[in-house]
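Please open the model in a viewer and keep a selection panel at hand.

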Amino acid sequence: MAWLFVRLKLRLIAGGTRGGIDKKVGLVLTVLAGIFVALLGFALLALLRLAPADVAADVLVIVFAVFALIWLIMPLFAFGLDETLDPSRLALFPLTTRQLAAGLFAASVTGVWPIASLVVLLGGVAAVARGPISVLVGLVAVLLTLAFCVVAARALTTGLSKALRSRRGRDAIALAGLGFLVVVQLPNLLVNNRLGPELFTRETLGAVAGAFRWTPPGMAAHAMASDDVVTVVPGLAAVALCVGALGWLWVVLLRRVLVTVDTTTQTSAVRRTKGGRHLGEGRVGAVAGKELKYMWRDPRYRVGWFSAVVVAVIFTLSVGDELGVLFPITLAAILLGLQAANVFGTDGRAFWINLLTFAREADVRGDLTGRQLAHALVAVPTLTVMAVVAGAVTGDVSGAVFAWLAACGVLGVTLGAGVLAATMAPYSVPERVNAFGNTAVPGQGWLPFANAFGVMFVAGALVTPVVLPAAFGLAWVAPISVLYGLAVAWGGRRLAAMVAIDRLPQILSSVSRVG
Amino acid sequence: MEADRTAAVRTDGLVKRFGAQVAVAGIDLYVPAGSFAGLVGPNGAGKTTTLSMVTGLLRPDGGTAYVNGADVWRDPVSVKAAIGVLPEGLRLFERLSGRELLAYNGRIRGLPGAQVDARAEELLAVMDLAEAADKLVVDYSTGMRKKIGLAAALLHNPAVLFLDEPFEGVDPVSANTIREVLLRYTRSGSTVIFSSHTMELVERLCDWVSVMSRGQVVAQGTLDQVRGEQSLYDAFLGLVGAASNGEEGLSWLGSSSG
């Protein structure tokens, strides 16, 4: 049974490469990324061998625990439920829950990332092993850790699968992702902060490791690094017990999920708004109004916006004040502008409604104007708030005004480059379950990267004439930069409309794929 | 073919391939203006692909398509203003309410806002969606989605309406509403082309039928020309070459002995 599921998973991976060179490239890139992560992770962990044994042990404990945490959380946020292995799809087959669990487990450990994870964890063995018995203990600990990661992640997604399938649950999960984003950044923040040197000491490392040692993966890591039979055997036994208990819990949850039906049909009405009416009658106003509604109502958009702001704020806090106000605010402008880099993708399968009205280049241009307008209507106030806060905190009012002007210019440039990317490299954004940001549907994995790097590259090159003089304190550049930004935004959408009008069907098909 | 009636839709050797598979193999479709036309065929016959190409959503690999005499791919300005579309799969802006969706549709077509809102209210009332008008489309049922999609397609009063499976998965009450609206629409001289595989429905509604099978048009004409003396159902089975093969094989089926 397990072997059957492994073959199913392999078939699905292979099936994902059919129907175009881009999909094959996507798989190859995923494999390359997996190999890269595996080798890098292995090498970094193995390097711990050079550290004193107790430090290596402590770091290993923390790394294993954090690694497991990532395994646990990523399926919820970044990759969504593995839809192909959604237990409810298999509910009607005559399989016992135990068979199903064994099969799903086997399928879960098949794939690029599980294998990469195994290699990374094996780096831990390379770091602390001192002899054949130690290697053996290490191997057992690594396998147990991986099993823990998989079973725990599966149990969690199964337990939450009902919530994850409902629209409201998905919306909530998407926002919870932001909390996760902040938490991940916390260590970084602490290290970069002025408090960093005092916090980051041998003692705190020991204390943190001491806490993580009681998590199953931490326990496994601790056992690996230990020579003492009294530590090793009960430690590994405890981890095995945990894996067993979680496995049992998973089977119970699975059984419950398989026999209960979705009952989430309560709906509520939205407020009747005149929103967007003051934006003008025609296409520009309608598109801008719709985009603004989407920014608020669509979790994918909301997450994008909030995370852009969160990242910018985190950056501001972590670089301290050596770089002044200019750098974080322009960074925020770029991140906010990037939200427009796949505007057709967020329309997704509904994009045909717009396409049906695109007869001339001017129609596409009007559409893009509306989208840029909507993004500016959210981004400019956000930048203003940031500038005001920065000015109040640093007391450097003229610096803040100056940074704000430069940032508005940068926003214009990014919006110009963004709509161009939106027509040249549009991609589908999954609508179901997976509500976290701009991950792509299977087979389009490379497109978001191409899109984002394209925007970064173009916007980066175009932004230099604004930011460079500004960074050297040439204040007179700032007002000009706003005009420059407007000009690039205008040019970007002109060029984008020219490109788009000849490849509308291609854009439609690449944003209409179901994730 | 009735040469005296102008064609609402005409294609010359329209071809579409997906990789090695030929979805539409050079078809010459013809639908006279003012007709209520059914495009019928089994799954995979190429109905959806054909409708997508004729409405400008999918680029053909060869051949030409005309709507009201204008080339769909050379003269999109006149074609796109003249057509309304309800594609398969009910792909709509999920996070707009029904009312907002109609308002959006009218405005991006450049209709005056007041006119859009007035028409939207009427359409919502006729489609029996007034109560759900402020709910998000994502929370609509299949029947409601088809109705709001149809309302959006009708809002700008197109001359030709393309509907892909408008009745599939729709409850009888909603189906009746849709049918009434469509009949009223064609009585005014507008053209409806809809794809379906429910022969009874096509027989009852349509005065023009095109039958597709394996990417080809295998029969086309008025309802009576296509069905002849038989029912459309039997004529269809004969045309698409579905010989009755229920007799051979499957001898084990039905005895419940394992």
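Helices (H or I, at least four residues) and strands (E, at least two) are DSSP runs, numbered from the N terminus. Select chain B, which has 9 helices and 11 strands. This is a predicted model, in which local features need pLDDT of at least 70, side-chain atom pairs count only at pLDDT 80 or more, and totals for chains, interfaces and linings use all residues. Residues are numbered from 1 along each chain as its sequence is written, chains are lettered from A and ligands numbered from 1 in the order in which they are written, and side-chain values use heavy atoms, with hydrogens and water left out.

Of the 258 residues in chain B, 55% are buried (under 20% relative accessible area, 1.4 Å probe, protein chains only).

Next, turn to the nonpolar cores, sets of buried Ala, Val, Leu, Ile, Met, Phe, Trp, Tyr and Cys residues joined through side-chain atoms within 4.5 Å. The largest has 146 residues, and B:Val9, B:Val67, B:Leu161, B:Phe162, B:Leu182 and B:Phe194 touch the most other members. Helix H19 of chain A (residues 397-424) gives the most to this core, with 14 residues. A second, separate core of 48 residues includes A:Ala101 and A:Leu254.

Now select B:Phe194. Beyond four places in sequence, its contacts (heavy atoms within 4.5 Å) include B:Phe36, B:Leu163 and B:Cys206.

Finally, select helices H1 (residues 2-15) and H4 (residues 97-108) of chain A. The contact is made by residues including A:Phe5 and A:Lys9 of H1(A) and A:Leu100 and A:Gly103 of H4(A).

Definitions and conventions. Buried means under 20% relative accessible area, exposed over 50%, partly exposed in between (1.4 Å probe, protein chains only).
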